[in-house]
Amino acid sequence: MQQLNRKNASIHTERPIKVVQFGKGNFLRGFSCWLFDVLNEQTDFNGDIVIVSSHSKTLDPHLSKQEGLYHVLLKGIEKDRLVEETRLITCVRKEINPHVNFNEYIALSYLPALQYVVSNTTEAGIYFEERDLNVNHPSISFPAKLTTFLYHRFVHFGGAMSKGITLLPTELIPENANLLKSIVLRYIDFWKMPDPFKTWVLQANTFCNTLVDRIVSGFPTDKANDIHEQLGYQDRLVVQAEPFYSWHIEGTKSKGKLLPLTKGNLELSVVSNMEPYRMRKVRMLNGAHMVMVPLGLLKGLGSVQETIENPQLGPLLEKIIYREIIPTLSLSSEELNDFAGSVIERFKNPYLNHKLHSISLNGISKFRVRLLPTILQYRKLKNKWPQGLMNAFAHLLVLYKGSYGNLQFHLRDAPEVLTCFAHAWQQTDLRTTLQLLLEKEQFWGQDLTKIKGFSTELERYVEAVFIAEPCN
C-alpha cells in the first residue's frame, strides 16, 4: 500500500503561509486545520499552515514522512441524519520545532502573508516560566515562544503596524486571549524589552478570546487496517471527529481582521460576549468529560461511549449534568436542557472511539477549570455539596495514585503534579494525604483546605472509593 505523501496523492499546490499553529494534537488537526482546509475550498482564503511544536522537543516523524497530509474522518448523527465524510487535509505544510531548529522558527516570523496564530496547549499551557531567559534561545512555555516570535517579526519588519497578527488561542481558559496577552506583556517586562515593541504588540496585534467545540477522538487504531484499505494510503495521522463543531470568537473591534474566516459556510461566529456560551460548554460538555475520566477508568472502562452506556455510570452522569451542573448556569432552562440532550447524544456517538486516557491529559488543571467552579458554586447556591461531583473529585484523586485494584494507570501530567501526588499517596494517613493535595494552590487556584467542610466531605468520598476497590 502506498505511503501518503504529496507525490503519491498528486498534491502539488503550495499556498502562502497564513497561519502558524502552536500544537499538533488530535484536536487542532481535526478542528482548526480542517476548518482552514474547508476555507481554502469554499473561499478565496488561499492559505497554508505551519505547525510549531508547543511541548515536545522532537519532530513528529509521521508529519514529516507524510509531508503534512492526513485524513479527517467525520462520523456521527447530525440533525437526525447519518454523516460519514472523509477529507484529505492539504493545508498543513510542515512542522517546525524551536528546539530542533531555532533559526528556522525565527525565520517563520518573517513571512509577509502571515495573518493568524492559533494555539491549543491545554489549560496548563498558558503560564509564565521564569526559566525562559530571552528571545535568542528556545523557550519552555508557549507564551515565551510567542513573545520571541512576535519580537523577531517586529524587528524584521521595522515595527510596521500592518504586520501585526490576529491571535486565536483555543485553550479552555476563561478569557484565554486576555490571559495570553498579559503573560506576553509580562515577558516583555521580565526581559526588559524596548517600549516600541510593547506598543506594537498592543496596537498592531489582536488577541481574540475564543471558544471551540468539537469532539475529536483521534486515530482509531483498532480499525487502522480497514481505514487504510478504504483510503488507499497508509496514513498514520488519521483523526476521527464528530460532525458537530462551533467556533465563537470574541472581537467586535476586530471583525475586519476576522472577515476572511467568516466568508465560508462554516459554524464560525464573531460575538461581542461569549461568556454564556463558554460557561455552558466548559461546565457541561468538558465538565462531563472530566467526570467520566476517573469514574470510567477506575471501573476499567476505556471510552466515552462505554462510560455513558454503562448501566451504573450513564444514569449517574446524566444526573450530575441535569441536577448539579445545570443549576449553576444562567441561561434559560429550555436552552440548557436542549444543550444537555445534545451533549449526551454526542457522547453516545457509536463512531467515535473517544478514549478516556486521551481526555485525562493534564487532568488536574482541567478539573480546576471544568469542574471545581461548579462544585463551589453549587455549594454556594444550595448550601450543600454536590454528591456526584464530589464523588468524581474523589475518584480523580485516587486515579492519580496510579493504581486501583489490579488496574495500573500511566498518567500524563506536569512532572511537579505527578511528583506531588506520588509523595502524598506515600503517606499512611488519608487525612495527611488529602491535606498535602488540597492545600496546593497551584493545582486548584486556592487552598481548598481553608474552605469550611470541604476536606471532611471529600475524605468521606475518598474512603468510599477505597471501600469499593476490587481485590488484586
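I took two rings of Phe, Tyr or Trp (for Trp, its six-membered ring) as a pair if their centres lie within 6.5 Å; planes under 30 degrees apart count as stacked, over 60 as edge-to-face and the rest as tilted. With this rule I looked up one aromatic cluster, formed by Phe367, Trp385, Phe393, Tyr400, Phe421, Phe443, Trp444 and Phe454.

I note that the model is predicted, that local features need pLDDT of at least 70 and side-chain atom pairs pLDDT 80 or more, and that totals for chains, interfaces and linings use all residues. Residues are numbered from 1 along each chain as its sequence is written, and side-chain values use heavy atoms, with hydrogens and water left out.

**Entry: aromatic pairs**

How many aromatic pairs does the rule give? I recorded 27 aromatic pairs. One of them joins phenylalanine 22 and tyrosine 105 edge-to-face, with 6.5 Å centre to centre and 80° between the planes. This pair links distant parts of the chain, 83 residues apart: phenylalanine 22 belongs to strand β1 (residues 17-22) and tyrosine 105 to helix α4 (residues 102-108). I take helices (H or I, at least four residues) and strands (E, at least two) as DSSP runs, numbered from the N terminus. For accessibility, buried means under 20% relative accessible area, exposed over 50%, and partly exposed in between (1.4 Å probe, protein chains only). Phenylalanine 22 counts as buried because its relative accessibility is 0%; tyrosine 105, at 1%, counts as buried too.

I then looked up phenylalanine 36 and tyrosine 116, an aromatic pair that is tilted, with 6.4 Å centre to centre and 35° between the planes. Phenylalanine 36 lies in helix α2 (residues 32-42) and tyrosine 116 in strand β6 (residues 116-119), 80 residues apart, so that this pair also links distant parts of the chain. Phenylalanine 36 is buried at 0% relative accessibility, and tyrosine 116 is buried with a relative accessible area of 0%.

**Entry: charges over rings**

I counted a charge as sitting over a ring if NZ of Lys or CZ of Arg is within 6 Å of the ring centre and within 35 degrees of the ring normal. The charged end of lysine 18 sits over the ring of phenylalanine 45, 5.2 Å from its centre. Arginine 460 likewise has its charged end over the ring of tyrosine 461, at 4.8 Å from the centre.

**Entry: helix α18**

Which residues of helix α18 (residues 415-424) are buried? I listed Val417, Cys420, Phe421 and Ala424. They lie on the same side of α18 because they cover an arc of only 95° around the axis, the arc being that of the directions from the helix axis to the C-beta atoms. The face turned away from this buried side carries the exposed residues Pro415 and Thr419. The cover over the buried residues includes α15 (363-370), α17 (387-399), α19 (430-438) and α20 (441-444), where contact means heavy atoms within 4.5 Å.

An open sheet of three strands has the order β9-β12-β13 with mixed pairing. β9 (210-213) and β13 (268-271) stand at the edges, each with a single partner strand, so one side of each has no neighbour in the sheet. The twist averages 15° from one strand to the next; axes are lines fitted to C-alpha atoms, for helices over the stretch in contact, and angles run from 0 to 180 degrees between N-to-C directions. β9 and strand β12 (residues 246-250) run antiparallel and are joined by four bridges. Leucine 211 stands opposite histidine 248 in β12. Helix α10 (residues 275-297) packs on the sheet, touching β9 and β12, and its direction makes about 40° with that of β9.

A further open sheet has four strands in the order β4-β3-β11-β10, again with mixed pairing. Its edges are β4 (81-89) and β10 (216-218), each with a single partner strand, so one side of each is left without a neighbour. Here the twist averages 20° from one strand to the next. β3 and β4 pair in the antiparallel sense over nine bridges, and isoleucine 77 stands opposite leucine 82 in β4. α2 lies across β3 and β4, running at about 85° to β4.

**Entry: positive phi**

Most residues other than glycine have a negative phi. Asparagine 46 has a positive phi, near 55°; asparagine 46 lies in the loop between α2 and β2 (48-52) and is partly exposed at 37% relative accessibility.

Key
Two strands pair if DSSP finds at least two bridges between them.
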